[in-house]
Amino acid sequence: MKQSTKVVLILVMIALLPVMVKLQSEIDPQRKQFLPERQIVSSVVTQVGNNPVVLPSQFVAGALIGFREVVAGLLWVRCNDFFHSGNYDAIVPLTRIVTWLDPHQIDVYSVGAWHLAYNFVDRQSRADRRLLIPAMKFLEEGIANNPNLWDLYFELGYTMNYWKKHDYDKAVYWIREATKRDPPYYVHTQLAHAYERSGQVDKAIEQWRKCYNMTNKALKKKFDESTYQIREVSKKNLDLTIWRQMDRAEKAKNPRDLNFDAEFKRLGPRKFRISGRINLPDGARVEVSLVDADYKEPSPKKFSWEVDPNLTMMYDAGINGISVQDGRFDRVYDLSLDPKQHPLAKDKYVLTVWFNPRNATQDIKDASGFSGECMTDKRYLDTSTKGLRIVKKVIILDREDII
Amino acid sequence: MNILVIARATFNEALRKKILNVFLLVALALIVFSVSFAYFSARQEMTIIKSLGLGIIALAGMFISVVMGINLIPAEIEKRTIYTILAKPVRRHEFLLGKFLGGTLTMFVNLLLMTLVFMVTVAFKNNWNPDWALLKGSLMIFFQLFLLGSVAIFFSIFLTPAVNFFMTSAVYIIGSLSEVTLSMMREQDQHPIAKAFFWLIHYLVPNFANFFTQNPLIHPGVVIKNEAVYYAENILYALVYASILMIIAILAFDRREV
């Protein structure tokens, strides 16, 4: 090769070097759009409670050299295997690692949060309520990482606030956020349910009408079996809600006296009975909670696995409440079976027994009203929440009363 | 003209190599196997199939590219066929570029086959609706492997195939760690010398991580702003970097005694 050619080649090469560096510096900020917020090295080892969770070395290698999504996918497959073998303890740390590796795996967020909130149960099938806030924060992290998708807004609204926490105002907020992001029709119908449970019956009627019009319009363009069913359900619920509103307004003129009372009886160490009476039809649910007297709900800024191991937070709420039969309710609690979930480590506890009409089924609401407008009680009526009437008895217990 | 003749010969020879075909077959089998995750919901299943499929293509392509690239020149020297070729009116740089082009063509055909199977697999699981966006993933993998191939050929001028295998693999791994090097480089309390070291690694080692675009391809919520610009810059980066390596390789090969 001629010397002059060599010189030209060297000059070309030197000229290309800054071009290469410039291109890389242009590419770097663009790559940030789909990289996880945390660097993947920090996901190699993480903590669940006091236990370190170590990502197996073959996964670390794969993740580090760029096969992040593949590793996340394989771990997710492993999560599924654990789920089918009933090994829930192993799933949650893995979901944490998967979402660190790939924060856009929205199904992993929703399944991880669901496991936390629903599947860690005591021997009487009672979910560990202490994990509800971590579950919700996990979903909030997922929303922050995937703000344009409806799915996790709906999970937070429906699976957590609506069904688990029974905080219907927040359920309305999150489901409404989901409806702004082009979700399927059933999300719009769940917003109507949430409006009704939050006591906003007029808005629920308006939402059912909206669901009907929306699906009717879609069916005119193209017939689809599921859209047809949602339209029919919307029409039926629209009519029913209007009818119920009128019927319950009439019943509210002469509210039913619930004649509610509840009592606590110790049966043995960490074993007790809650029983009482309430003038409601069979199938109504009376809810119970036993919580540390000094407990205040935390509002962590970020998701954390940390759960106070000394916190007692036992809830039998919603459909897990005590079923009413012949105007009476009765359930035996044996917290000695699960001392880790119910440590009873504090000196004082608040035992609350209540009936909340918003958590009830429609046949019970026919007796109580949407928000308790058809019921009253001489001793235990609680109207501290605006627009809501519940019956509630609070008993302060010492530790010695229980253990 | 000589370059094209050598490229064609290289391509024909590479196709006959059984080891490359083994990698290809294993990759094709794994892609088809990835449809067996039927117990997930439809959306989860598609996410896993797409991520695994693109990952398998990238990984198999990497092995094919490295194994082929490290042997292209040394094999000719070892078999002494290089003497016959260079005795003809073929200049050394034509030989080198022909080899590189032939290797790239082989890689392209392998990738094409894997992509075809992958696209059919995805379409099969998606009621025969193909996801054409995935082709962008294969395009990026191709340019990643193009760059990797240039690294392998570049080292093959100086190193034996065994040493070259480890060197090329090491460069691939380091070049895939750009998330780490970038964050180390920008770490506030990092020592200036360490910062400079990570800067050098980040900008001078070929950045293979640039070409991993699986995430926006498998997740509907992840969108690359100015997507065309992003892909164009990456392709340009691969071409520029490979050009630099080939210039050095040409200059070195010209001086080398064979």
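Predicted model: local features only at pLDDT ≥ 70, side-chain atom pairs only at ≥ 80, totals over all residues.
Leaving aside its neighbours within four places in sequence, which residues is A:Asn359 in contact with?

**Figure 1. A:Asn359 and the residues around it.** Here is the reply to the opening question: beyond its neighbours within four places in sequence, A:Asn359 is in contact with A:His166, A:Tyr168, A:Arg197 and A:Glu287. To find A:Asn359, look in the loop that runs between β10 (348-355) and α12 (362-368) of chain A. One of its partners, A:Tyr168, is joined to A:Asn359 by a polar contact of 2.7 Å between the side chains. Is A:Asn359 buried or exposed? Its relative accessible area is 12%, so A:Asn359 counts as buried.

**Figure 2. A salt bridge between A:Asp122 and A:Arg126.** In this view, the side chains of A:Asp122 and A:Arg126 meet, with 2.9 Å from N to O. Both A:Asp122 and A:Arg126 are buried.

**Figure 3. A salt bridge between A:Glu250 and A:Lys253.** The closest N and O atoms of A:Lys253 and A:Glu250 are 3.2 Å apart. A:Lys253 has a relative accessibility of 63%, and therefore it counts as exposed.

**Figure 4. A salt bridge between B:Glu45 and B:Lys125 in chain B.** The side chains of B:Glu45 and B:Lys125 meet with an N to O distance of 2.9 Å. Why can we say that this pair ties together parts that are 80 residues apart in sequence? Because B:Glu45 lies in helix α3 (residues 42-78) of chain B, while B:Lys125 lies in helix α5 (residues 92-125) of chain B. B:Glu45 counts as buried, at 8% relative accessibility. B:Lys125, at 27% relative accessibility, counts as partly exposed.

**Figure 5. A network of salt bridges in chain A.** Salt bridges can share partners, and here they join A:Asp122, A:Arg126, A:Asp316 and A:Arg331 into one network. Over all chains, the structure holds 34 salt bridges.

**Figure 6. Where chain A meets chain B.** On one side of this view are 46 residues of chain A, in contact with 58 residues of chain B on the other. The size of an interface is often given as the accessible area lost when the parts come together. For chain A and chain B, about 4700 Å² is buried between them, with 66% of it on carbon and sulfur atoms. How many salt bridges does the rule find across the interface of chain A and chain B? The rule finds one. It pairs A:Lys6 with B:Asp254, whose closest N and O atoms are 3.6 Å apart. There are also nine residue pairs in polar contact between the two chains. On chain A, the helices α1 (3-31), α3 (68-84) and α5 (106-119) each supply at least two residues of the side that touches chain B. Of these, α1(A) gives the most, with 18 residues. Sorted by class, this side of chain A has 26 nonpolar, ten polar and ten charged residues.

**Figure 7. Chain A as a whole, for orientation.** The secondary structure of chain A comes to 13 helices and 13 strands. Along its principal axes, the C-alpha trace spans about 105 × 60 × 35 Å. Chain A has a radius of gyration of 27 Å, whereas a compact globule of 403 residues would have one near 22 Å. Of the 403 residues of chain A, 53% count as buried.

Notes: Residues numbered from 1 in each chain as written. Chains lettered and ligands numbered in written order. Heavy atoms only, no water. Contact = heavy atoms within 4.5 Å. Buried area = accessible area lost by both parts, 1.4 Å probe. Salt bridge = Lys/Arg side-chain N within 4 Å of Asp/Glu carboxyl O. Polar contact = N/O pair within 3.5 Å; in protein donor to acceptor, adjacent residues only side chain to side chain. Helix = DSSP H or I, 4+ residues; strand = E, 2+ residues; numbered from the N terminus. Nonpolar A, V, L, I, M, F, W, Y, C, P; charged D, E, K, R; others polar. Buried < 20%, exposed > 50% of the residue type's maximum accessible area, 1.4 Å probe, protein only. Rg over C-alpha atoms; globule rule 2.2 N^0.38 Å.
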